[in-house]
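Please consult the sequence and the structure shown below while reading.

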Amino acid sequence: MELPTNEELLSTFQSFLDRHSMAPTRFGALATGEPQLIASIKKGRSPRLALLHRVKAFMDAKDAELAAEAGDHAEADNSQVQHASCGSETIISDSDEREVA
């Protein structure tokens, strides 16, 4: 089994932070209780395997929440499409809202 390098970990963490618009200290605090987790890895800390498992579980759970939210938006979009196919659709623009038959 090959473990990721610190650079690979930091890249993975940065992608996660970007996806979730999360600060590094918030990530560390929520994932492990260590707000300075990412800073310490940048300084050369090699996290233990148990810590990496906790971080991965946290990231997986947050990504699942994000996917569920995206699914909720897709369901809402589908419901609007179904509503439109019933012969009535509300068109909303910046300036007005009108009913289309």
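The face of helix 1 turned away from its buried side carries Glu7 and Asp18, both exposed; exposed denotes over 50% relative accessible area, buried under 20%, and partly exposed in between, with a 1.4 Å probe and protein chains only. The model is predicted: local features need pLDDT of at least 70, side-chain atom pairs count only at pLDDT 80 or more, and totals for chains, interfaces and linings use all residues. Residues are numbered from 1 along each chain as its sequence is written, and side-chain values use heavy atoms, with hydrogens and water left out.

**Helix 1**

- Helices are DSSP runs of H or I with at least four residues, numbered from the N terminus.
- Helix 1 comprises 15 residues and spans 21 Å from its first C-alpha to its last, close to the expected 21 Å, where the expected span is 1.5 Å times one less than the number of residues.
- The buried residues of helix 1 are Asn6, Leu9, Leu10, Phe13, Phe16, Leu17 and His20.
- Viewed down the axis of helix 1, these buried residues fall within an arc of 125°, so they line one face of the helix; the arc is taken from the directions from the helix axis to the C-beta atoms.
- Ser21 follows helix 1 and has a positive phi, near 50°.

**Nonpolar core**

- A nonpolar core is a set of buried Ala, Val, Leu, Ile, Met, Phe, Trp, Tyr and Cys residues joined through side-chain atoms within 4.5 Å.
- The largest such core has 16 residues, of which Phe13, Phe16, Phe27, Val55, Phe58 and Met59 touch the most other members.
- Helix 1 (6-20), helix 2 (24-32), helix 3 (37-42) and helix 4 (49-85) each supply at least two residues of this core.
- Apart from neighbours within four places in sequence, Val55 is in contact with Phe13, Phe27, Ala31, Thr32 and Leu37; contact means heavy atoms within 4.5 Å.

**Aromatic pairs**

- Rings of Phe, Tyr and Trp (its six-membered ring) pair if their centres lie within 6.5 Å; planes under 30 degrees apart count as stacked, over 60 as edge-to-face and the rest as tilted.
- Four aromatic pairs are counted by this rule.
- Phe13 and Phe27 form a tilted pair, 5.2 Å centre to centre with 50° between the planes.
- This pair links Phe13 in helix 1 to Phe27 in helix 2, 14 residues apart, and both residues are buried.
- Phe16 and Phe58 form another tilted pair, at 5.9 Å and 55°, linking helix 1 to helix 4 across 42 residues.
- Phe16 counts as buried because its relative accessibility is 0%, and Phe58 because its value is 13%.
- One aromatic cluster is formed by Phe13, Phe16, Phe27 and Phe58.
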